[in-house]
Amino acid sequence: MIYQFSFRYFSQKFTKPIITNHGVWEIRESIIIRLIDEKNQITWGEISPISWFGSETIEQALDFCRQLPQTITTEIIFAIPDKLPACQFAFESSTHAGGFCLYSRDFQSPGNFESSTHPGGFRLYSRDFQSPNLTNVTYSGLLPAGKSALNQWSNLWKQGYKTFKWKIGVYEINQELEIFDLLISSLPTSAKLRLDANGGLTYQQAKLWLKKCDQFSPKIEFIEQPLSVDKFTEMQALSNLYLTPIALDESIANLHQLESCFHQGWRGIFVIKPGIFGSPSQLRAFCKQHQIDMVFSSVFETEIGRQASLQLAAELSTNNRAVGFGINHFFQQQEANWLENLWKNF
């Protein structure tokens, strides 16, 4: 297949900076790609790197796009090297049978309550104009770090979220444990809470958190990446000592890392960020060969990357865990014609 290729840089400012153990994040930078095939159908892809997670930088992604010719082939797309995982995801998802076409402006979100915060007026369809089957997908709402979570969860609950994710390892541990006590006691009985340390805890701190979470095990779904990537053996040991499950995130940022942790015996939860993971077809192949417990998670992408990621989640998830895409409240709503303007104003 031959495509006419073009791309545009795109950035959005977070309504409030994202604060994690990795630091403060104020602006989401992305690249939107457009492919036009021989039948004049338009498909879209999104490159949204997170370099501190191990993906390429936005500069490296821009350099890659700049060196491509205006006419590209499927062979070029599937030859994108593994060192550019966000580029792999964007190009491949826009050419796969699940790639999305711009079809109309009467966007209706496919069976979830996030439609009111859709960032644009375009409807994104797969190539056969069937929207991905997301009617059974539920969403986890991301809470801000620190005390702000105490004021945020109820707004998300009213919007329909039943699962929440709270960043820890950001402030002093005793302060966070106090906030945790207030948060867990205020959440409804049916709510689920995920804690995400982004690899920011020491071994002793992780034990403290796991011991605390075991006291509230019906409400705690898991602790995500308590220790740094180089502490795999320690995380495996902790997973056998406590009731609270541990999920790997930074440790499995790409296919090579996923395979490595799986073959080392990890049978806990795997958090997959499709937008920076790499080739969707290689992820599909791995999941067909191995049954793993997965949670699909956002990289703060636009609706273009989100739809491609959610299609993978709907296709590959086996345990019906809420997907980590409840992040729209971190962005201002985009104008309906944002994508058109991105090309016009170049």
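Contact here means heavy atoms within 4.5 Å. The legends below describe close-up views of a predicted model.

**Figure 1. Phe 216 in the loop between α6 and β10 of the predicted model.**
The loop that carries Phe 216 runs between α6 (203-214) and β10 (220-224). When residues up to four places away in sequence are set aside, Phe 216 touches Phe 180, Asp 181 and Ile 184. Phe 216 is partly exposed, its relative accessible area being 27%; this value places the residue in the class between the limits of 20% and 50%. Leu 193 is 23 residues from Phe 216 in sequence, and the two C-alpha atoms are 10.0 Å apart in space.

**Figure 2. The chain as a whole.**
The chain contains twelve helices and 14 strands. Of its 346 residues, 57% are buried. Among contacts in the chain with a separation of 6 or more, 68% are between residues 24 or more positions apart. The structure also holds four cavities of 30 Å³ or more.

With a relative accessible area of 12%, Trp 343 is counted as buried because the value is under 20%. Ser 6 is 337 residues from Trp 343 in sequence, yet their C-alpha atoms are 9.2 Å apart in space. The side chains of Trp 343 and Ser 6 make a polar contact at 3.0 Å.

**Figure 3. Thr 20 in strand β1.**
Strand β1 covers residues 2-20, and Thr 20 is part of it. Thr 20 is buried, with a relative accessible area of 14%. A polar atom of the Thr 20 side chain lies 3.0 Å from the backbone nitrogen of His 22. Not counting residues up to four places away in sequence, Thr 20 touches Lys 167, Val 170 and Asn 198.

**Figure 4. The hairpin of strands β2 and β3.**
Strand β2 (residues 23-36) pairs with β3 in the antiparallel sense, over six bridges. Within this pairing, Leu 35 stands opposite Thr 43 in β3. Five residues lie between the two strands of the hairpin, and Asn 40 in the turn has a positive phi of about 70°. Strand β3 comprises residues 42-47; five of its six residues are buried, so the strand is largely enclosed by the rest of the structure.

**Figure 5. Strand β13, covered on both faces.**
In a regular strand the side chains alternate between the two faces of the sheet. In β13 (residues 293-296), Asp 293 and Val 295 lie on one side, Met 294 and Phe 296 lie on the other, and all are buried. Strand β12 (residues 269-272) pairs with β13 in the parallel sense over four bridges. Val 271 stands opposite Val 295 in β13.

**Figure 6. The largest cavity and its lining.**
Rolling a probe the size of a water molecule over the atoms shows where empty space is left. The largest cavity has a volume of about 240 Å³. Its lining consists of 23 residues, and those nearest the centre of the cavity are Lys 165, Lys 167, Lys 273, Ser 298 and Phe 300. Strands β1, β7 (139-143) and β8 (163-167) each supply at least two residues of this lining. The largest share, three residues, comes from β7. By class, the lining of the largest cavity divides into nine nonpolar, eight polar and six charged residues.

**Figure 7. The largest pocket and its lining.**
The volume of the largest pocket is about 240 Å³. Of the 15 residues that line the pocket, Lys 16, Pro 17, Pro 144, Ala 145 and Phe 330 lie nearest its centre. At least two lining residues of the largest pocket come from each of β1, β7 and α4 (148-159). Strand β1 provides the largest share, five residues. The lining of the largest pocket divides into nine nonpolar, four polar and two charged residues.

Conventions: Residues numbered from 1 in each chain as written. Predicted model: local features only at pLDDT ≥ 70, side-chain atom pairs only at ≥ 80, totals over all residues. Heavy atoms only, no water. Buried < 20%, exposed > 50% of the residue type's maximum accessible area, 1.4 Å probe, protein only. Polar contact = N/O pair within 3.5 Å; in protein donor to acceptor, adjacent residues only side chain to side chain. 1 Å grid on protein atoms, 1.4 Å probe; cavity = no way out; pocket = protein on both sides within 12 Å on 5 of 7 lines; lining within 4 Å. Points joined across faces, edges and corners; volume = space filled by probe spheres on them. Nonpolar A, V, L, I, M, F, W, Y, C, P; charged D, E, K, R; others polar. Pairing = 2+ DSSP bridges.
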